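Visitor: I would like to go through this model term by term. Please set each value against its cut-off before you conclude.

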Amino acid sequence: MATASPSTPSFSASFCCKRSVFNPLTRCFPSVALTQWTRSPTHRLVISSRVNSKSSGAGGSVSPDNGDEFNLYEMPKQFGAEQSKKKGSSVFVMLPVGAVEVEGKVRRKKIMFHSLKALAASGVEGVVIEVWWGLVERDLPQVYNWQPYLELVEMAEESGLKVRAVLAFHQCGNGPEDPYWVPLPRWVLEEIDKNPDLAYCDRFGRRNKEYISLGCDTLPVLRGRSPIQAYADFMRNFRDTFRPLLGGVIAGIQVGMGPAGELRYPSCPSKKLAWAWHSRELGEFQCYDKYMLASLHACAHEVGMHEWGSGGPIGAGSLIQDPENSEFFRRNDGSWNTPYGKFFLEWYSGMLLLHGQRICMDVENIFRGIEMNKSAKVAGIHWHYGIESHPSELTAGYYNTSARDGFLPITEMFSRYRFTLCCSGFEKLDMEEKQLNPLSSPEDFLRQLLWSARICRIPVEGENSAPTWDHKSFQQVLKMRKFYSYGLKNASFSFNFVRMDKHMFEGHNWISFTRFVRQMSDDDLFRAKLEFGDDILSLMLDDANTWAAFACG
């Protein structure tokens, strides 16, 4: 049942980013530091679309970038004084989703090996390998098959490449008809069939099985184990199996925390997410399974507002709707900015933070003493960034509005557990996105996220949203890297190119990609308008023609 926001609530408290006297949600999340961020003069942050929102036309869209990549932010003076010589950034390439077949075998080994050799010759640091829970622990709990991934890591080592392993606890693909379909483990799906509330649910009763609901994180719902315990057992067995390679060939791990491996709710099904920026989908709050509802009810009871605990907000729109026509998200009198709305959004985002913290704690304990990079991913949801309420971010679990920074608590959590922040969308340009959706601003979204990473001094892994080979997209990646690293004494930035496919090795694409790799690795030698000599061009064309035949489909 959805809940309406009371017109004259008897409860009033500040949940905004400024410190408040009383935050009742600290009772509901005693183990999570829901930091109320204040901004000191030494870290003064000026974000025109965040704190001093400026509208331009209907919908409150943000003005496009005027060419100055730092135009929305005021850089603290000490950052410029600390600027050090850049050492370049490493590039990793993500392998095809179907690198390992459902049967548990490496797909087209010979072709894969030659492709890895080509990548090594291009100068990339390594490859990103998705290690699927649904393949490794497919049939029975705690029965693991790591063999195909051991083979892939060995092939990468023989090719002279490092490996980043993505521990993927989510579903991949849109169904059995999808050639790259990887569901959750069979035994997990059997438990979901018995108890549908293990899957996320929206107000219409639609279930989403991409990832187990975080509402039951600590409950023994998976044949005597909780989901968090199942993830931890998987990671522990991964550590024991790959221990000799951890910190060496395996340079890092990325730990999945939600749908598509991202710390978020499945507010918009992943099969639609790639085009959500175009359709401007608001998403749906995923709080209607019995475990999430029980938590909401208990939290509402704690703050003495029982009527707030029966469900999510009404008037939150459908999957596709103008937010200005919705009771919850509209600008002037939307209930997102009422005491009820602030309570609900604090609870909803707080549950997501608690889920992330639980996994971070397990990762810290399981891999203690092993020197390697650990990262987690945040979704690049930017298609309502120009609206005060940021509806698509709110439904995904990011309490980020014109009056509240929703990403600093996440980066602070990553900093506490020494995690690297990963996010996609580094190639996206405002001037292109706004042609289809004036409310979108991928650049402003990413700048805010990167600024949060700067403040918390955490490393960043960038990603592209989709394979792209054009010059301006690669230059945009370099531009956003510069924004993050400018003036930082020990900035650590790397890039995961998504992903290797047959088009990568086509002549023009291959030349464009290898040029980008060299620009990333040596700023002094490879400038933005670098022109290769004829001899280098010839060599790269030969390489591309040679390796095109070995590309993975």
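**Values against cut-offs**

Guide: The lining of the second largest cavity consists of nine nonpolar residues, one charged residue and no polar ones. Please bear in mind that this is a predicted model.

Visitor: Which residues line the second largest cavity?

Guide: The lining is made up of L95, P96, V97, A99, V100, I129, E130, W132, Y149 and L152. Two elements, β2 (126-132) and α5 (147-158), each give two or more residues to it. The largest share, three residues, comes from β2.

Visitor: What volume does the second largest cavity have, and how many cavities of 30 Å³ or more does the structure hold?

Guide: The volume is about 70 Å³. There are seven cavities of 30 Å³ or more.

Visitor: How do you know that Y265 and Y348 are stacked?

Guide: Two conditions are checked. Ring centres must lie within 6.5 Å, and planes must be under 30 degrees apart to count as stacked. For Y265 and Y348 the centres are 4.0 Å apart and the angle between the planes is 15°, so the pair is stacked. By this rule the count comes to 41 aromatic pairs.

Visitor: Where in the chain are Y265 and Y348?

Guide: Y265 is in the loop between β6 (250-255) and α8 (270-273), while Y348 belongs to helix α11 (residues 339-366). They are 83 residues apart, and the pair links distant parts of the chain.

Visitor: Why is Y265 called buried?

Guide: Buried means under 20% relative accessible area. Y265 has 0% relative accessibility, so it counts as buried. Y348, at 1%, counts as buried too.

Visitor: Which residues do ring pairs link into a cluster?

Guide: The cluster contains W133, Y144, W146, F169, W187, Y211, Y231, F234, F238, F242 and F367.

Visitor: Why is α16 described as largely enclosed by the rest of the structure?

Guide: Because 12 of its 15 residues are buried. Among them are F474, V477, L478, M480, F483 and Y484. The buried residues of α16 pack against α15 (442-456), β9 (460-463), β10 (493-497) and α17 (507-521). As for α15, 14 of its 15 residues are buried, and this helix is mostly covered.

Visitor: Are R223 and H390 buried, exposed or partly exposed, and what makes them so?

Guide: R223 has 39% relative accessibility, between the 20% and 50% limits, so it counts as partly exposed. H390 is at 0%, under 20%, so it counts as buried.

Visitor: Which residues does a cis peptide bond join?

Guide: The bond joins V498 and R499, with omega about -10°. R499 lies in the loop between β10 and α17.

Visitor: Why is L161 called buried?

Guide: Its relative accessibility is 3%, under the 20% limit, so L161 counts as buried. L161 is in the loop between α5 and β3 (162-168). Beyond residues up to four places away in sequence, L161 touches L116, L119, A120, V124, E125, G126, V127, A156 and V249.

Visitor: What share of the whole chain counts as buried?

Guide: Of 553 residues, 60% count as buried. The chain has 18 helices and 10 strands.

Notes
Residues numbered from 1 in each chain as written. Predicted model: local features only at pLDDT ≥ 70, side-chain atom pairs only at ≥ 80, totals over all residues. Heavy atoms only, no water. Buried < 20%, exposed > 50% of the residue type's maximum accessible area, 1.4 Å probe, protein only. Helix = DSSP H or I, 4+ residues; strand = E, 2+ residues; numbered from the N terminus. Contact = heavy atoms within 4.5 Å. 1 Å grid on protein atoms, 1.4 Å probe; cavity = no way out; pocket = protein on both sides within 12 Å on 5 of 7 lines; lining within 4 Å. Points joined across faces, edges and corners; volume = space filled by probe spheres on them. Nonpolar A, V, L, I, M, F, W, Y, C, P; charged D, E, K, R; others polar. Phe/Tyr/Trp six-rings, centres within 6.5 Å; stacked < 30°, edge-to-face > 60°.
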